[in-house]
Structures are given as C-alpha cells and as structure tokens.
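Dear colleague,

I am passing on the structure that follows, together with some notes on what was found in it. Please keep it open beside you while you read.

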Amino acid sequence: MGLSKNVWFELRVVTALLLAFATATGASGQTEQHPTADLLSQLIQIDSSNPPGNERKVADFLAARLHPLGFEISVVQTPLPGKAHFVARLRGDGSRKPVLLAAHADVVGVEREKWALDPFAGVIRDGYVFGRGAIDFKGGLAVFTEAVSRLARSHISLHRDVILLSEADEESGPYNTSWLADTHWDLIACEFALNEGGWIIQDDAGQVQYVSISTADKLSIPLIVTAHGTSTHSSMPLADNPIFTLSKALARLADFETPLELTPSTREFFATLSKTSSPPLSNNLDVLLHSSDPERVRQADQQISRNPLLHALMRNTIAPVFLKAGFRGNVIPSSAEATLNLRLIPGTDFNRLVTGIREVIDDKRVDVALADSATAEGKRASTLLKLSDVLKPSSKDTSLYRALEQSAHSLWPGRPVTTYLFQAGTDAIAWRSRGIPVYGIYPYPITAEDLSRMHGNNERVSIPSLEQGTELIYKTLVQLEAQ
Ligand SMILES: [Zn+2]
C-alpha cells in the first residue's frame, strides 16, 4: 500500500523546505544526536534483499562495530557464499542463563520504480529514516544493537550473557534460524529471547496507544486443492472440465468463514483495544468478548472483521495464492490445481480444518491435501504441523516479560501492555519449539499509516520512535539485571 496523491504532494512540499534547511545546516547535524537512526541508515545502505540476502555484509559491519566494545563475535557462515548469521555475546558472570535479542538482517525486495526515493540509500529526511527494512526489521536490528552497545559502554556488571543475533534467511531461504539452531545451538541457547512481533501503536497525534508483545505466531501452511476431469480436445468440451470444477470449489471457499476462535492472548489484546479505541469498534469488541447472545456476537464479528488484521487474529484464514492449470490452447487438461495458504492459530486441529474444507467444497472430483512432503514447502509444512502443539504461546510469567512491561510503563505511563498473537510468521520457532519463551516486538512507536508501508513502498520509521525504542530495550536489559 502506498500514500495517496494528496499526502505525497504535501510531503514533497515539506521535504523541499526541509532540504533547503538541511543544506544550510549540514546534513549530519540531525544524525549526530540520533545514534540509532544513524545506525539504521547505515544498515539500510547494505542491500540485503533476499534472495540472495548477502547477510554476511551486515555481519562484517556489526562485527567491526561491536568487537571494540568487548563483545565476543561469531560469524556463522552458511553453505551459501555471502550468507551468514552473526552472534555477538557480552559476557556476564554466568550465574543466570543468557538473554538473546534476535533480528533478521535480510529484507524483502522492492518495486524500485514505485518508491519516491532510493530504497537503499538510507535517506534521513523529514524526521524519518526511509528505506527497505526500516520497519521490518533493520529498525529492530539497529535498536537492539544500539541498546546492547549502550549496555556495554555502561560497564554494568552482568549476571547473564547478553546475546545479539543478526539472522539470515528470515524472509525466505533454507539457512534460517532453524538451520542455525540445528547446527550451532550453543551460540544461541538462552533463557528467553526478544524478536520481531508485536506493535507499539501510536495515534496520528503521536501518542502511544498501547504496547502489544507477541507470545505466539500463526503458522503458515500450504494446502493443495486439485480438481480432476477428462483430458480432451477443447473443440468438444465435456461437462467435467477440471478448471470449472476447481473454480466452483474456490467459489464455495470464498463464501466460507472459519469459526471464531479467541485465544487467551487475543482476548487480552482485544480487551486492551476496546479500552484504547472508540465506538463502534470498542463496543463491538465488548460484545465479542462478553456477550452470550450468539447473534450479537456474530454481528460484532462481522463488523470487526472489516479490519483485515483483526479478522486474521480471531480465526484460521484461507487464502488462494497460486493457480496451475492447462498447457495448450486446444487441450482441456486432466487436472487443475490451486494452492491455498492457510494461516493457523497454534494448537489448531489441522485434520479437522481440512475435513471442514472438504465438506465446504463437497465434490468428489476434488482432492484436498497437504503439499507433497517430497517438496521443500511440503516438508516444512509437515514439520511445522508436528510442532503445532509445542508452539503454544510463551508464558508471560518470566522476568524478561516483566522487565519489558515495566520499561514500557515507565516510558509511556498509563498505556496498556498486552500479549498478542502475531498474525504472520517469524523465525521465533527455533526457540519456541525448544520450549524457550520468545517475546516479539517491533521496538518503535508506529502509526497505522506507517505500518501499511511494511513490505510496501517508501517504508520508513520516525527518528524519535527509534530513540524511544532504544531506551525501551536498554531499560529492559537493565531492569532484567535488577530482577
Ligand atoms: Zn520481519
């Protein structure tokens, strides 16, 4: 999603004025007092679009920065040249288990012609750092790096090691944190971890509304729907054309809504949202959480579901993402295939959901099955489904969650902190699947408008947000030591 034309026009006017100002004062004036923004700008300038990723360049950059501060550095080279994980460890006395801060160094690619500026120039302008990864997740990498650097410079004596991990292959590719955990677990073993996930939501006036910390991620599972028919000459079509059959099956799924499912963390999140939002959303959330009248709940669900994020939080979702059928203009193919992307709440009974999908399609000519386990996607999906039970939400009852909560309260007094089910997937699975709590946060206050640029065009994060986020994480680490 991009900006409307009007907003762009205003932005250009403001930008022109600011540029004139920057030229007069010198471009570096702004960044000198904003170390995290400056660091983010430098990280964005290392193009780590994945594929191929080139995360090794980020690793080398961070090594040069953190080694002089007393961190022990490990660069884990993957079998792919240029692709590496980076681990920096600040030693404690070893009386407590380490805390880990994990951020992925790779970013998704760009549609360069749709950007108003160079996505890999690290442009600082108009109070923002612009560029691919500003939000997801080089902003987080910059905040975590700056926070642990500040901790190292403070010479506070630590009980536990503090580990900073800059990851490869989060956005795509096989050498992700699961690979790292399987091959170098000793480097990243910890008591608990911070990662990307929840949001610090800011209103348009710049006030923080609430802080959400993700304690679980939805699971992404591909499901293959295949319609079968008779292959024949297209001049004499039969009634069982598989493309028609598949279309009917998909049309039925388009009208199907999976049942409402509120996890404890989604309940907590919605209760927070009902307090910080205005009617009609606040009222609808109240009905959803407290009403015993199924018809009122159904109507509230329908209203709330107009927001795609909230819709995704309260149910398993089904989205067709690929179609495959036909190979010649004069041949009716014998089959037609669609790939559905399912996003599941951890703990979902997968077989029951698939049975439900078959019942909705209600056509014997159509098969519904998990992607073939011989394919990389299918293998990943079946591993994920086997782990589904252990991937239940991380407990709030840890000193790291409490430290994060307290630090958030001290920075934004009176603003609620809530757990959150993250609607997308992250690489937290490497730890959660081993029973280690992971708390997800994009550590900068952000508006809904800025959020819509994530993975989109003109991605940006504000300088004050980056500095507040650094304060949040630094305070969390100091608080953790005190507990
Ligand atoms: Zn990310």
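**The loop between H3 and H4, and what lies around it**

Pro 51 sits in the loop between H3 and H4, where helices (H or I, at least four residues) and strands (E, at least two) are DSSP runs numbered from the N terminus. This is a predicted model, in which local features need pLDDT of at least 70 and side-chain atom pairs count only at pLDDT 80 or more, while totals for chains, interfaces and linings use all residues. Residues are numbered from 1 along each chain as its sequence is written, and side-chain values use heavy atoms, with hydrogens and water left out.

The peptide bond from Asn 50 to Pro 51 is cis, with omega near 0°, and the bond from Pro 51 to Pro 52 is also cis, again with omega near 0°. Most peptide bonds are trans, and most residues other than glycine have a negative phi. Ser 48 is buried, with a relative accessible area of 0% (buried means under 20% relative accessible area, exposed over 50%, and partly exposed in between, with a 1.4 Å probe and protein chains only). The side chains of Ser 48 and Lys 138 are joined by a polar contact of 2.7 Å, a term that stands for a pair of N or O atoms within 3.5 Å, of which, within protein, one must be able to donate a hydrogen and the other to accept it, and for which residues adjacent in sequence count only if both atoms are side-chain atoms.

Leu 39, Gln 42 and Leu 43 in H3 meet Val 58, Phe 61, Leu 62 and Arg 65 in H4, contact meaning heavy atoms within 4.5 Å. Val 58 is also among the residues that Ser 48 touches.

H7 (residues 242-254) and H12 (residues 350-361) pack at an angle of about 115°, with their axes 8 Å apart. Here Ala 249, Arg 252 and Leu 253 in H7 meet Ile 357, Val 360 and Ile 361 in H12. Asp 362, in the loop between H12 and strand E14 (366-370), has a positive phi of about 50° although it is not a glycine, and it is exposed, with a relative accessible area of 62%.

**Other residues to look at**

Asn 458, in the loop between helix H16 (448-451) and strand E17 (460-462), likewise has a positive phi, of about 55°, without being a glycine, but at 4% relative accessibility Asn 458 counts as buried. Gln 202, found in strand E7 (residues 192-202), is buried at 14%, and a polar atom of its side chain lies 3.3 Å from the backbone oxygen of Gly 206.

**Confidence**

The mean pLDDT of the chain is 92, and 93% of its residues reach 70 or more, pLDDT being the predictor's confidence in each residue, from 0 to 100. Over residues 1-31, however, pLDDT stays under 50.

Definitions and conventions. Axes fitted to C-alpha atoms, helices over the stretch in contact; angles between N-to-C directions. Lists of a residue's contacts leave out its neighbours within four places in sequence.
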